[in-house]
Amino acid sequence: MRIAVTGGTGKLGRAVVAGLRERGDEVINLDAAAQRPDIRIDLTDYGQTLEALTEIDDRYDRIDAVVHLAAIPAPGITGNAATFQNNIVATYNVFAAARAAGITNVVWASSETLLGIPFDTPPPYIPLDEEYPARPESRYALAKHLEETMAAQFCRWNPALKMIGLRFSNVMDPEDYAEFPSFDADPRARKWNLWGYIDARDGAQAVRRALDHDGTGVDIFIIANADTVMTRSSASLAAEVYPDVKVTKSLGEHETLLSIDKARRILGYEPQHSWRHHV
């Protein structure tokens with residue numbers, strides 16, 4: 001396939017681009033920070049976005065699928081309104097331009113923040129899954145919530161469209177893992193996302209599986225690694241930090257508290273990497 005990846009210069013984007021190219025796809029990286037041979041595009045400009053998903057002179061005359069990762073990647077990087085405006089406008093433009101271009105295979109980065117991060121209000125149960133209503137606690141998360149709602153409407157307008165939102169956990173590269181042993185000193189320091197993470201390479205695997213998934217309509221998946229960032233057991237962490245929250249299953253020693261069961265069942269996703277292999 002010829003696949004447009006927005007934000008392919010970022011941490012997750014680099015792994016996604018590399019994984020797609022490794023399996024033989026032609027990948028076009030669309031990024032405001034791009035340098036040749038990638039293509040510099042301002043996704044908050046609909047005209048530029050539409051051109052990028054249809055035709056760029058001397059480069060290509062069609063796109064088969066879109067992976068939309070570009071965004072201000074977290075709250076607190078710039079002002080609340082600027083974060084919300086940039087992310088929601090860019091995502092609308094990508095969704096609308098893909099529709100105009102006749103592209104029916106769209107995968108985009110939603111976020112674990114919709115689960116209720118930073119969990120100052122305790123989670124409804126542990127492990128968390130996709131079954132309860134979104135609980136955005138920041139403007140960044142609010143934009144992600146609206147993106148999921150918007151995707152559902154685009155799919156209603158076009159029954160042939162497939163849109164998969166991946167609620168990625170905190171993205172990590174192998175060089176980030178040296179810090180992980182220090183997390184044990186204070187289990188509450190990483191409670192904000194229930195001690196979760198996603199190795200960028202496993203995030204890229206999830207993107208490939210979502211692109212290849214045979215289906216239509218919108219679907220949402222939590223994408224995390226199979227373990228936590230801690231050496232302590234998952235059960236002991238839940239019991240100490242959230243003693244009043246129901247644990248709905250027997251937990252493995254270091255089992256993720258951000259359930260990836262749905263991604264495993266439907267997409268065939270299975271994490272291949274762990275920080276424990278590097279530290």
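**Reading strand S5**

Modeller: In a regular strand the side chains alternate between the two faces of the sheet. In this predicted model, Lys-162, Ile-164, Leu-166 and Phe-168 point one way from S5, while Met-163, Gly-165 and Arg-167 point the other way, and all of them are buried.

Colleague: Why is strand S5 described as largely enclosed by the rest of the structure?

Modeller: Buried here means under 20% relative accessible area, and seven of the seven residues of S5 (residues 162–168) are buried, so the strand is largely enclosed by the rest of the structure.

Colleague: Which strands pair with S5, and in what sense?

Modeller: S4 runs parallel to S5 and is joined to it by seven bridges, with Ser-110 having Arg-167 of S5 as its bridge partner. The chain passes from S4 through H4 to S5 in a β-α-β crossover that is right-handed. S5 also pairs with strand S8 (residues 217–223) in the parallel sense, over seven bridges, and there the bridge partner of Arg-167 is Ile-222.

Colleague: And how should I read the largest pocket: what is its volume, and which residues are closest to its centre?

Modeller: Rolling a probe the size of a water molecule over the atoms shows where empty space is left. The largest pocket holds about 820 Å³ of space, and of the 37 residues lining it, Ala-71, Ile-72, Pro-73, Ala-74 and Tyr-140 are the closest to its centre. The elements giving two or more residues to that lining are helix H1 (11–22), helix H3 (80–100), strand S4 (105–111) and helix H4 (139–157).

Key. Residues numbered from 1 in each chain as written. Predicted model: local features only at pLDDT ≥ 70, side-chain atom pairs only at ≥ 80, totals over all residues. Heavy atoms only, no water. 1 Å grid on protein atoms, 1.4 Å probe; cavity = no way out; pocket = protein on both sides within 12 Å on 5 of 7 lines; lining within 4 Å. Points joined across faces, edges and corners; volume = space filled by probe spheres on them. Helix = DSSP H or I, 4+ residues; strand = E, 2+ residues; numbered from the N terminus. Buried < 20%, exposed > 50% of the residue type's maximum accessible area, 1.4 Å probe, protein only. Pairing = 2+ DSSP bridges. Right-handed = clockwise from strand over helix to strand, strands pointing away.
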